[in-house]
Amino acid sequence: MTRIRFHQSLEDLKENLLVMAGLAEQAIQRAIEAYRVRDISICDLVTRSEVAINRMERDIDQAALDLLAMEQPMAGDLRFILSVIRINADLERVGDAAKSISDRVRQMDQMPLVELPVDIPRMAALAGDMVRKSLQAFIEANAEQARIVLTMDDAVDAMNRAAYKALTKVMEEQSHLAPQALSALMISRSLERVADHATNIAEDVIFWVQGTDVRHNKGLPVKQNATANAEPQASAD
Amino acid sequence: MGVGIEVTNLNAWYGTNHTLQEINLNIPANHATALIGPSGCGKSTFVRCLNRMHETNPIARVTGSVKMGEMDIYAGAKPVQIRRRVGMVFQRPNPFPTMSIYDNVASGLKLNGYTNRRVLDETVERSLKKAALWDEVKNDLKKKSGASLSGGQQQRLCIARALAVDPEVLLMDEPASALDPVSTSKIEDLIFELKSQYTIVIVTHNMQQAARVAEKTGFFLNGRLVEFDSTHKIFTNPSDKRTEDYITGRFG
């Protein structure tokens with residue numbers, strides 16, 4: 001084994017990303033708990049964790065940049081660092097989504113509590129499960145597990161579409177409930193984004209582990225661009 | 001123009017030491033091919049088999065076939081004939097120290113019997129231009145010796161000397177390992193320029209260099225060719241774990 005310090009730095013990078021992942025996951029859970037019990041004090045916790053997540057995003061980016069500049073990583077190491085940079089950005093946006101949900105909860109707290117035709121906790125459970133599974137795939141370097149996450153996104157999208165349909169109907173037919181319905185709609189939209197970020201993370205895990213780019217292609221490998229994989233002509237003169 | 005090289009069942013020995021074992025690969029014409037691997041893996045021996053330099057050592061032996069175009073260099077061809085088609089540049093620049101810059105470049109032609117002054121002048125100028133050295137030395141061609149140039153200039157002089165005999169293949173054995181980063185960049189730029197006209201095979205320990213200049217890369221280990229693929233594939237997602245372990249520094 002050579003380059004011991006470099007490989008230790010890769011381990012540190014992974015560990016820091018997992019700490020950040022823990023914060024992002026917790027922020028979503030707290031935001032949904034705040035929604036469920038209408039507790040503004042929980043929203044304050046989400047706001048505080050967003051600051052920590054943002055700080056970690058900068059630190060992880062810097063550490064990844066340093067490794068790229070100083071160590072010129074190759075192959076699996078290169079793919080790992082690139083994946084960390086992408087996952088880092090996705091986790092930061094999960095944190096943003098949590099903050100956005102908690103902001104909506106604050107607004108809803110000023111409004112009368114009403115029954116709305118949307119099951120936010122159920123949707124949150126599914127999106128949260130996607131985040132958890134994608135991160136577990138990252139921890140275990142397990143591309144198969146990551147592929148399972150890709151199959152879950154459609155269900156969240158469907159729930160978001162159903163929420164949109166039901167809540168716009170509420171807005172049309174019961175205009176006095178429009179503010180609550182609009183907030184619920186925005187929360188549903190944020191959860192759908194969280195699921196998208198989990199999908200991105202899963203795609204990054206597949207790229208890291210297998211070197212396969214499955215983005216924007218329903219989990220199937222994307223053909224490399226022609227110049228990158230150009231095969232020189234065979235040995236004819 | 002360059003010529004493709006087809007290597008089949010190539011084996012090489014130093015005495016009883018079997019240094020190259022069953023090497024099979026096709027080196028494409030008019031491209032740069034990099035050979036990487038830890039010290040002692042056989043990559044330099046392989047390159048020396050491509051111009052029959054390996055057998056200049058009395059205890060060395062080669063079997064197998066190396067075809068350059070239609071010519072099998074181990075089936076009847078004369079070494080001198082082969083080395084006219086195959087230029088070589090070594091790790092340390094080795095200009096003839098007492099010769100002028102001009103004579104260094106013209107030496108190969110003179111050795112082959114060319115005496116026409118105009119032909120020699122034109123060839124020296126063309127070769128130095130191809131080696132990106134002309135502008136730096138054109139006023140001192142006959143005044144200065146090859147040894148008076150900087151290390152990077154000497155290496156480009158050696159490349160010009162190799163190009164002067166109009167080879168089809170250019171072998172480079174760690175051509176920039178003794179040079180500073182600026183000179184290294186110039187050599188790499190040069191390889192990039194030349195590879196459309198010559199078949200270039202470069203041995204390097206600098207993997208970033210291989211990634212920058214070569215379309216194809218071969219990884220040698222313990223006398224065997226472990227993997228040969230597009231450089232992009234080798235450095236981003238190699239197929240063999242031994243390649244991955246070597247280029248990521250997990251051994252070697």
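Leaving aside neighbours within four places in sequence, B:Thr123 is in contact with B:Ala106, B:Leu109 and B:Ala164, where contact means C-beta atoms, placed from the backbone, within 7 Å. The model is predicted, so local features need pLDDT of at least 70 and side-chain atom pairs count only at pLDDT 80 or more, while totals for chains, interfaces and linings use all residues. Residues are numbered from 1 along each chain as its sequence is written, and chains are lettered from A and ligands numbered from 1 in the order in which they are written.

**Around B:Thr123**

- B:Thr123 is found in helix α4 of chain B; helices (H or I, at least four residues) and strands (E, at least two) are DSSP runs, numbered from the N terminus.
- B:Thr123 counts as buried, because it has 21 C-beta neighbours inside 10 Å.
- The burial classes use C-beta atoms placed from the backbone: a residue is buried if 20 or more others lie within 10 Å of its own, exposed if 12 or fewer, and partly exposed in between.
- B:His31 lies 92 residues from B:Thr123 along the chain, and their C-alpha atoms are separated by 23 Å.

**Helix α3 of chain B**

- Helix α3 of chain B covers residues 101-111, and its buried residues are B:Ile101, B:Tyr102, B:Asn104, B:Val105, B:Ala106, B:Gly108 and B:Leu109.
- The cover over the buried residues of α3(B) includes α4 (117-130), α5 (134-137) and α6 (151-164) of chain B.
- B:Gly113 follows α3(B) and has a positive phi, near 95 degrees.

- B:Glu22 is not a glycine, yet its phi is positive, about 50 degrees.
- B:Glu22 sits in strand β2 (residues 17-27) of chain B and counts as partly exposed, with 14 C-beta neighbours inside 10 Å.
- B:Ala132, also not a glycine, has a positive phi of about 55 degrees.
- The place of B:Ala132 is the loop between α4 and α5 of chain B, and with 18 C-beta neighbours inside 10 Å this residue counts as partly exposed.

**Chain B as a whole**

- Chain B has 10 helices and 10 strands.
- The radius of gyration of chain B is 18 Å, close to the 18 Å that the globule rule gives for 252 residues, so chain B is as compact as a globular protein of that length. The radius is taken over C-alpha atoms, and the rule is 2.2 Å times the number of residues to the power 0.38.
- The C-alpha atoms of chain B fill a box of roughly 55 × 40 × 30 Å along the principal axes.
- Of the 252 residues in chain B, 47% are buried.
- Among contacts in chain B with a separation of 6 or more, 69% are between residues 24 or more positions apart.

**Chain A as a whole**

- Chain A has 6 helices and 0 strands, in the order α-α-α-α-α-α from the N terminus on.
- The C-alpha trace of chain A spans about 80 × 40 × 25 Å along its principal axes.
- Buried residues make up 40% of the 237 residues of chain A.
- Of the contacts in chain A between residues at least 6 apart in sequence, 78% join residues at least 24 apart.

**Helix pairs in chain A**

- Helix α3 (residues 75-109) of chain A and α6(A) have axes that come within 9 Å and cross at roughly 170 degrees. Axes are lines fitted to C-alpha atoms, for helices over the stretch in contact, and angles run from 0 to 180 degrees between N-to-C directions.
- α3(A) and α6(A) are therefore roughly antiparallel to each other, the class for angles over 145 degrees; those under 35 count as roughly parallel, 65 to 115 as roughly perpendicular and the rest as oblique.
- The contact of α3(A) with α6(A) involves 13 nonpolar, 8 polar and 7 charged residues. Ala, Val, Leu, Ile, Met, Phe, Trp, Tyr, Cys and Pro count as nonpolar, Asp, Glu, Lys and Arg as charged, and the others, Gly among them, as polar.
- The axes of helix α1 (residues 4-37) and helix α4 (residues 120-140) of chain A come within 11 Å and cross at roughly 170 degrees, which makes α1(A) roughly antiparallel to α4(A).
- The residues in the contact of α1(A) with α4(A) divide into 11 nonpolar, 2 polar and 3 charged.

**Nonpolar core**

- The largest nonpolar core has 136 residues, and those with the most contacts inside it are A:Ile28, A:Ala31, A:Ala127 and B:Ile202. Such a core is a set of buried Ala, Val, Leu, Ile, Met, Phe, Trp, Tyr and Cys residues joined through C-beta atoms within 7 Å.
- Helix α6 (residues 178-210) of chain A gives the most to this core, with 15 residues.
- A:Ala127 touches A:Val156, A:Leu191, A:Val194, A:Ala195 and A:Ala198, not counting residues up to four places away in sequence.

Notes:
Two residues are in contact if their C-beta atoms, placed from the backbone, lie within 7 Å.
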